[in-house]
Every structure is written in structure tokens, then in C-alpha cells.
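Subject: Structure handover

Hello,

Here is the structure to look through. My notes on it follow below.

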Amino acid sequence: MRKYFAPVFMFAVFEAVAVTLWLTKDNIFYLFNFSYIGSAISLGTFLFIRKYKHARRIVQLLVGLYMLIYLGLICNENMQIEGFWYYLFTGVFEAATIHYAVAKIFGPLLFGRGWCGYACWTAMILDFLPYKVPSAPLKKIGWIRYITFAISLVFVAALFLSRVGNIERIMFWAFIGGNAAYYIAGIALAYAFKDNRAFCKYICPITVFLKPMSYFSLLRIKCDKDKCVSCGKCKKVCPMDVDITDNSRKRENGTECILCMECVRNCPKDAL
Ligand code: SF4
Ligand code: SF4
Ligand code: SF4
């Protein structure tokens, strides 16, 4: 039964968040929301342990579609980074601020960039594209993420400073426009660089939070040096160019790891 510790642990963490927010915010939506996400992630972890090939993709679709369609389009919550700035400026600890705190700012201290591997609705589509493993090493253009990060912040700050009316409606349309722009840019870059995750590596503004926080992640893949035969298979299948055989936190591209487990699944010696 010990091998099922991970799904039980993940479910317990999300349930703790669900119940805490439900009681402190007096809003049953949080119980439903975090219980659903926790169940989807636990199911995926369980299926992975049972060696089901598409375990990660199932979680990605269950969580990604829920957030994009139900929270975004039906409930009109802008869960993009603009929504985070919006709620931050209004001083409200709701929706996008909670989402960012849990999934993208403090959560990565615990589960690294699990968000990017299992829940992001942008990557959910990008992962259907044909370039699952990059054919060239990482380019040194990651600075673009700081520009997109700044644009999102300036955009929302300008809305507040100019005191435009009906800002909530603008945020809804910003969610639609922002997502469309992400998908167009993400698909174009994937084909241009022959790398499904090029958008994640160079453009995505959320990595400004995710990368430094995931550096300290409690959950991380480690290599058993006694078992490893240095065959290089793990590097060949990695979508993010991580050198997972190096156990130090400074491993090459370590903060790019999305915990997709492709390296673990493909290691011929079960060294990871
Ligand atoms: S880097 Fe950005 S786009 Fe890519 S999976 Fe993470 S949050 Fe989504
Ligand atoms: S695939 Fe396994 S054995 Fe091969 S280099 Fe990676 S960790 Fe070592
Ligand atoms: S190091 Fe392994 S888990 Fe991390 S992104 Fe690469 S293949 Fe996925």
C-alpha cells in the first residue's frame, strides 16, 4: 500500500486547502473547487502508479477544461495573470489571487511546477502538437517572459489609473483575448521551434513566479547514482531539457521541470 502514499497525500493536501478556505471564507464553492482538483490530481497519480500511459494527460484535461470552461467562460473569472493583478489591486483575496497563491506562488514550494505538467489549460492544447521533445537545446531568449509579465501588469494598472467603468467586463474580455493570444503564440512558436513547450520556456509570464519558487520545491525527482548507467535516455525524452541525473538544485534547467514523469517512465534502470 505504501506506493499509493502519493495520491492519498495529494488528495489530503487539496482537501485541507478546500476545507480551510470553505470555513474561513464561508463559501462552499471552495470546498467543491479544491476537492474536484485534488480528486483529479490524485486519480492521475494513482493511474501513473498503475503505469497507465495517459495518466498525466487525463489530469491535464480534467483540470484544464474545468478551469477554462467552467471558471473562465461560465463563471467569468479571469484566471490569467491579469486577473491576479486585478484582484490584487482591488485588495480582494478571492478567485485568481487564491488560485495564484496555491498553484503558482506558494504551492510550487511543495509541488514544483506540477501546475505546468498537470493543470495548465494553455499547455493542455500545446501538448497535443507533434513536437513533444525539442530538437534543439534551450535558447537564451527567456528574458521575453519579463516583457510579457510587465505588459500584463501595466495593462491592469492602466485600467485602474484611468478609472474606466465596468472593469469586471473588461477583465472577462481580457481573459478571452489573452487566452486566444496565448494559443496563437504558443502554436506558432511550437511549429517555429519544433518544440511544443517553446511558449512555456520563453514567453509565459507566470514562469516569473514559477521558476524561482520551484527551485526550492520539496517534491523533486532524484537520481539513484548506483542504478544509473548514464545512458542519456532521460534527457532524450525530456520536453524541458532538464538534466535530471544531477541531484543538486542547480541542475541544468532544473526550474523548467514540469514533473511530467517521462524520464521516470523511460529510465531502463528505474534509477529515477
Ligand atoms: S509555463 Fe505557463 S503556459 Fe506553460 S504550462 Fe506553465 S503556466 Fe502554462
Ligand atoms: S535514463 Fe536512467 S539510467 Fe539512463 S541516464 Fe537517465 S537516470 Fe541514468
Ligand atoms: S526532468 Fe523528467 S519530469 Fe522533469 S520535465 Fe523532464 S521528463 Fe518531465
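This is a predicted model: local features need pLDDT of at least 70, side-chain atom pairs count only at pLDDT 80 or more; totals for chains, interfaces and linings use all residues.

Residues are numbered from 1 along each chain as its sequence is written, while chains are lettered from A and ligands numbered from 1 in the order in which they are written.

The chain has 14 helices and zero strands (DSSP runs numbered from the N terminus, helices being H or I of at least four residues and strands E of at least two). Its radius of gyration is 19 Å, close to the 19 Å from the globule rule for 272 residues, so the chain is as compact as a globular protein of that length (taken over C-alpha atoms; the rule is 2.2 Å times the number of residues to the power 0.38). The C-alpha trace spans about 65 × 45 × 30 Å along its principal axes.

Helix α4 (residues 81-90) and helix α5 (residues 95-105) have axes that come within 7 Å and cross at roughly 115° (lines fitted to C-alpha atoms over the stretch in contact, with angles from 0 to 180 degrees between N-to-C directions). The two helices are therefore roughly perpendicular (65 to 115 degrees). Gly-83, Phe-84, Tyr-87 and Leu-88 of α4 make the contact with Ala-95, Ala-96, Thr-97 and Tyr-100 of α5 (C-beta atoms, placed from the backbone, within 7 Å).

Ligand 3 is surrounded by 14 residues, the closest being Cys-238, Val-242, Cys-257, Cys-260 and Cys-263 (C-beta atom, placed from the backbone, within 6 Å).

Regards

Conventions. Angles under 35 degrees count as roughly parallel, over 145 as roughly antiparallel, 65 to 115 as roughly perpendicular and the rest as oblique. Two residues are in contact if their C-beta atoms, placed from the backbone, lie within 7 Å.
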